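The following note sets out numbered points for a colleague reviewing the model. Please read each point beside the coordinates.

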Amino acid sequence: MAKYIKYDRLEDAVNLLKEMKDEYNIKPNTPVYNTLIRGYSHKGDWKTCFKLFNQLKKTGLHPSVETFVSLFHCLSKTKPTNVTREGFENIQNQVKKYNIPPNLPLQNSILKVFNFISSPFYFIN
């Protein structure tokens with residue numbers, strides 16, 4: 001799966017996830033979801049990142065610090081019209097809910113998004 005992400009073949013990676021679940025009855029773990037979320041976060045594809053995040057939670061898995069670093073990274077790459085303070089706060093609340101310990105990459109990603117949405121240019125198209 002990581003090779004698909006590395007070579008920007010995100011649809012193939014999602015198909016592999018589906019194949020793992022449907023054809024082989026293999027339950028993906030949090031690192032598998034993190035790999036996909038990270039791949040889509042580099043594209044700024046907020047909808048797919050959040051969809052994968054919800055799938056992760058729906059399967060009973062717990063997000064990790066890497067999950068949230070990727071989600072915040074995605075927010076920082078999204079067009080300003082799509083980034084909302086509510087979305088930022090929602091992810092922060094999820095970090096608290098899952099008792100994710102703050103580390104440097106997580107703190108940096110939070111600050112990057114906070115700086116982005118606090119900019120006066122945030123509201124300008």
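1. Among contacts between residues at least 6 apart in sequence, 64% join residues at least 24 apart; contact here means heavy atoms within 4.5 Å. This is a predicted model, in which local features need pLDDT of at least 70 and side-chain atom pairs count only at pLDDT 80 or more, while totals for chains, interfaces and linings use all residues. Residues are numbered from 1 along each chain as its sequence is written, and side-chain values use heavy atoms, with hydrogens and water left out.

2. The protein has seven helices and zero strands, which gives the pattern α-α-α-α-α-α-α when read along the sequence. Helices (H or I, at least four residues) and strands (E, at least two) are DSSP runs, numbered from the N terminus.

3. As to overall dimensions, the C-alpha trace spans about 50 × 30 × 20 Å along its principal axes. Of the 125 residues, 38% count as buried, where buried means under 20% relative accessible area, exposed over 50%, and partly exposed in between (1.4 Å probe, protein chains only).

4. Serine 41, in helix H3, counts as buried because its relative accessibility is 1%. Leaving aside neighbours within four places in sequence, serine 41 is in contact with Cys49, Ser70, His73, Cys74 and Lys77. Serine 109 belongs to helix H7 and is likewise buried, with a relative accessible area of 8%. Not counting residues up to four places away in sequence, serine 109 touches Val69 and Phe72.

5. Helix H7 (residues 104-118) also holds asparagine 115. Is asparagine 115 buried or exposed? With a relative accessible area of 56%, asparagine 115 is exposed.

6. The structure holds three salt bridges, a salt bridge being a side-chain nitrogen of Lys or Arg within 4 Å of a carboxyl oxygen of Asp or Glu. One of them pairs aspartate 8 with lysine 43, the closest N and O atoms being 2.9 Å apart. This pair links distant parts of the chain, 35 residues apart: aspartate 8 is in the loop between helix H1 (2-6) and H2, and lysine 43 is in helix H3 (residues 30-43).

7. Arginine 9 and aspartate 12 form another salt bridge, with the closest N and O atoms 2.7 Å apart. Arginine 9 is partly exposed at 42% relative accessibility, and aspartate 12 is partly exposed at 28%. Aspartate 22 and lysine 18 also meet through their side chains in a salt bridge (3.8 Å, N to O). Because they are four residues apart in helix H2, aspartate 22 and lysine 18 are separated by about one helical turn. Aspartate 22 counts as exposed, at 54% relative accessibility.

8. Which residues other than glycine have a positive phi? Aspartate 8, not a glycine, has a positive phi of about 60°, and its relative accessible area of 47% makes this residue partly exposed. Asparagine 99 has a positive phi near 50°, again in a residue other than glycine. Asparagine 99 sits in the loop between helix H6 (85-97) and H7 and is exposed, with a relative accessible area of 66%.

9. The largest pocket has a volume of about 170 Å³. Helix H2 (10-22) and helix H4 (46-58) are the elements that give two or more residues to its lining, and H2 supplies the largest share, five residues. A pocket is an open set of points on a 1 Å grid over the protein atoms alone, where a 1.4 Å probe fits, with protein on both sides within 12 Å along at least five of seven lines; lining residues have an atom within 4 Å of a point. Grid points are joined across faces, edges and corners, and the volume is the space filled by probe spheres set on the points.

10. The lining of the largest pocket consists of Val14, Asn15, Leu17, Lys18, Lys21, Tyr40, Thr48, Lys51, Leu52 and Gln55. These residues divide into four nonpolar, three polar and three charged. Ala, Val, Leu, Ile, Met, Phe, Trp, Tyr, Cys and Pro count as nonpolar, Asp, Glu, Lys and Arg as charged, and the others, Gly among them, as polar.
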